[in-house]
Amino acid sequence: MQQKGIHWFPGHMKKALRQIEERLNLIDVVVEIVDARCPISSKNEYLEVITKNKNRVIVFSKKDLTSLEEIKPFEEYYTSKGYYPVVCDLNNPQDINLIKKAIALKGKSTTDKYIRRGMKPQPLRAMIIGIPNVGKSTLINRLSKSSSMSVANTPGHTRSQQWIKVDKTLDLLDTPGILPPSYEDKLSAIHLALIGAMKIENVPESELSSYLLEVLVNKYPEKLKERYSLNDEELANEELIFKGIARRRGLLFPGNELDVNKAELLLLKEFKEGLIVKLVLDQLC
């Protein structure tokens, strides 16, 4: 697979990035969400640069779709960069509480500052950032229990921003999802396409399925065989695998010819749903 860059930067994302940078002075803690299956590819390095001087929490979402063992090195990696990592299922109330505790811990210096001055601590102000489709809206809804209340007296409150009051200790600032303007490493874009975080118009689904199949055959052959009842002979090459999947699942053209294209789409769909194997696609250099 050629590794040409993928360029992607709609105008509204550029505007949103500028708005985030302008409002960072209002923020005590930045909470960035990445997909636990792609903890490097799903991180916007532009957001990394502009938030580097802030207290930061990094949330690895979709814990239920990843390998907890494979994610550990990425937790250590981000810890070394000053983040507080939280691996979670955003639909699990206990995991949401872990995120709230992480925000409180990273914002402790702000809270302590109020106490030293003999003042009542104000709610911590946390900004939620991340690329599209990693779970930002879900996290905000879980933290706020679907509250739509805006914090009317918060500085910087504008129509382009939405402040949401969680409780007496925490206010959230929602932001639009922002992809980087380009992916010079095509594999990062491929990984995001495989988990459903972005659509790559100039990369055909057959190329995506071919790459995914290579990963599965090399690292998780037994999972692939188990999911589609494949034998060792069928595992010998890509064509035989897709024909085997089509045969087992009854994916046929009229006349009973095997529909390999439907087999490719099925592989992509079932991988995205976590039905084949739970893994981390990214690798640390």
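Residues are numbered from 1 along each chain as its sequence is written, and side-chain values use heavy atoms, with hydrogens and water left out. Because the model is predicted, local features need pLDDT of at least 70 and side-chain atom pairs count only at pLDDT 80 or more, while totals for chains, interfaces and linings use all residues.

**Exercise 1.** Find how many salt bridges the structure holds, and describe the one between lysine 225 and glutamate 222.

Solution. 
- Step 1: A salt bridge is a side-chain nitrogen of Lys or Arg within 4 Å of a carboxyl oxygen of Asp or Glu. Side chains of opposite charge can pair when their charged atoms come close.
- Step 2: There are 23 salt bridges in the structure.
- Step 3: Between lysine 225 and glutamate 222 the N to O distance is 3.7 Å.
- Step 4: Helices (H or I, at least four residues) and strands (E, at least two) are DSSP runs, numbered from the N terminus. Lysine 225 and glutamate 222 are 3 residues apart in helix α9 (residues 221-228), so about one helical turn separates them.
- Step 5: Buried means under 20% relative accessible area, exposed over 50%, and partly exposed in between (1.4 Å probe, protein chains only). Lysine 225, at 16%, is buried, whereas glutamate 222, at 53%, is exposed.

**Exercise 2.** State which strands pair with β5, and in which sense.

Solution. 
- Step 1: Two strands pair if DSSP finds at least two bridges between them.
- Step 2: Strand β2 (residues 29-35) pairs with β5 in the parallel sense over 5 bridges. Here valine 29 has alanine 126 of β5 as its bridge partner.
- Step 3: Strand β7 (residues 170-174) pairs with β5 in the parallel sense over 4 bridges. Methionine 127 has leucine 173 of β7 as its bridge partner.
- Step 4: In β5 (residues 124-130), 6 of the 7 residues are buried.

**Exercise 3.** Check the span of helix α8 and find what covers its buried residues.

Solution. 
- Step 1: The expected span of a helix is 1.5 Å times one less than its number of residues.
- Step 2: Helix α8 (residues 205-219) has 15 residues, so it should span 21 Å; its end C-alpha atoms are 21 Å apart, which agrees.
- Step 3: Among the buried residues of α8 are Leu208, Tyr211 and Leu216.
- Step 4: The cover over the buried residues of α8 includes α7 (186-195), α9, α10 and α11 (260-272).

**Exercise 4.** Decide whether lysine 136 is buried or exposed, and list some of its contacts.

Solution. 
- Step 1: Lysine 136 lies in helix α6 (residues 136-144). Its relative accessible area is 9%, so lysine 136 is buried.
- Step 2: Contact means heavy atoms within 4.5 Å. Leaving aside neighbours within four places in sequence, the contacts of lysine 136 include Ile33, Ile128, Asp174 and Gly177.
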